[in-house]
Amino acid sequence: MKQRGKDLLLWAGVVILVILAAAVRLVLESAFYFFTYLFLGFGAMLALYILSRHMKGRGGQYLRRALAVVLIAGGAYFVAMEGIILLNGGTRIDSEPDVVMIMGAHVRPEGPSPNLQERLDAALPYLQEHPEVPVVVAGGQGGNEHISEAECMYDYLTARGIAPERIWQEDESHNTMQNFTCTAQLLEEKGLDAEECHILVVSSSWHLCRVRLLAGRAGLDISTLAAPPSHLGYAFGNYIRETVALAKSFVFDR
């Protein structure tokens with residue numbers, strides 16, 4: 001009876017994890033959909049643990065050991081990746097830039113999301129102090145966005161006094177690697193040699209490690225300007241999500 005009661009509690013945990021996964025998908029923005037898979041993954045591992053308790057022979061013991069190895073390895077990976085992301089998440093301006101580039105993020109019906117607004121607000125003081133430097137706003141239109149991220153950034157900056165002719169819209173990209181490859185094409189169209197330009201990239205602190213990796217692969221010379229997080233919930237979610245995004249980009253984004 002005691003084991004049955006424990007099993008019921010554990011199965012309740014599985015149900016809660018599934019409900020959380022569904023809630024993330026239904027309530028939060030696409031940037032947090034990663035947590036759907038995270039909750040489902042933990043739910044599957046918990047279900048396997050419950051099943052292992054009822055397996056005959058040594059099968060259950062081996063399965064529990066395998067689950068423990070996965071958890072330990074996952075925890076070590078998470079700690080290591082967070083360390084790399086934090087160490088590479090600061091402002092580093094090596095020389096005067098030829099172009100400023102602001103990385104896109106999700107657009108809400110009422111305007112920029114917290115991530116995007118943080119990036120724009122971080123870029124504004126630099127743009128105001130250096131009125132001669134053009135700025136690329138980079139980001140296409142997602143399926144759940146009413147306008148492109150580039151257009152949203154253009155509207156935000158012009159409403160705060162940045163001259164429209166300074167702002168070049170790159171509105172074809174849908175991920176960080178495409179941000180760079182499409183921006184390089186845009187710079188060439190504007191008469192600049194993308195590989196000779198020094199670009200100041202503005203993005204969230206949690207994003208800058210991946211920014212440096214992919215800019216190097218695109219052949220671009222960059223400095224970085226970190227947008228400090230103002231929304232702790234978004235920052236927490238993005239720092240966790242970035243541990244997977246960075247590994248994905250390292251392997252697949254070329």
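Is Asp253 buried or exposed? I began with this residue and found that Asp253 counts as buried, at 10% relative accessibility. I take buried as under 20% relative accessible area, exposed as over 50%, and partly exposed as in between, with a 1.4 Å probe and protein chains only.

**Entry 1: basis of the notes.** I am reading a predicted model, in which local features need pLDDT of at least 70 and side-chain atom pairs count only at pLDDT 80 or more, while totals for chains, interfaces and linings use all residues. Residues are numbered from 1 along each chain as its sequence is written, and side-chain values use heavy atoms, with hydrogens and water left out.

**Entry 2: Asp253.** I located Asp253 in the segment after helix H8 (232–252). Helices (H or I, at least four residues) and strands (E, at least two) are DSSP runs, numbered from the N terminus. I noted a polar contact of 3.1 Å between the side chains of Asp253 and Lys248, and another of 2.7 Å between those of Asp253 and Ser249. A polar contact is a pair of N or O atoms within 3.5 Å; within protein, one must be able to donate a hydrogen and the other to accept it, and residues adjacent in sequence count only if both atoms are side-chain atoms. With neighbours within four places in sequence left aside, Asp253 is in contact (heavy atoms within 4.5 Å) with Met177, Leu214, Arg217 and Lys248.

**Entry 3: helix H6.** I then turned to H6, residues 176–189. Its 14 residues reach 20 Å from first C-alpha to last, close to the 20 Å expected at 1.5 Å a residue; the expected span is 1.5 Å times one less than the number of residues. Met177 is among the buried residues of H6, as are Phe180, Thr183 and Leu187. I recorded that their cover includes strand E1 (99–103), strand E6 (198–204) and helix H7 (208–217). At the N-terminal end, Asn175 caps H6, with a side-chain oxygen 3.2 Å from the backbone nitrogen of Met177. After H6 comes Gly191, with a positive phi near 90°.

Entry 4: Leu51 is partly exposed, with a relative accessible area of 46%. I found Phe39 and Leu17 to be 5.4 Å apart in space, C-alpha to C-alpha, although 22 residues separate them in sequence. Beyond neighbours within four places in sequence, Phe39 is in contact with Leu17, Leu20, Ala21 and Val24.
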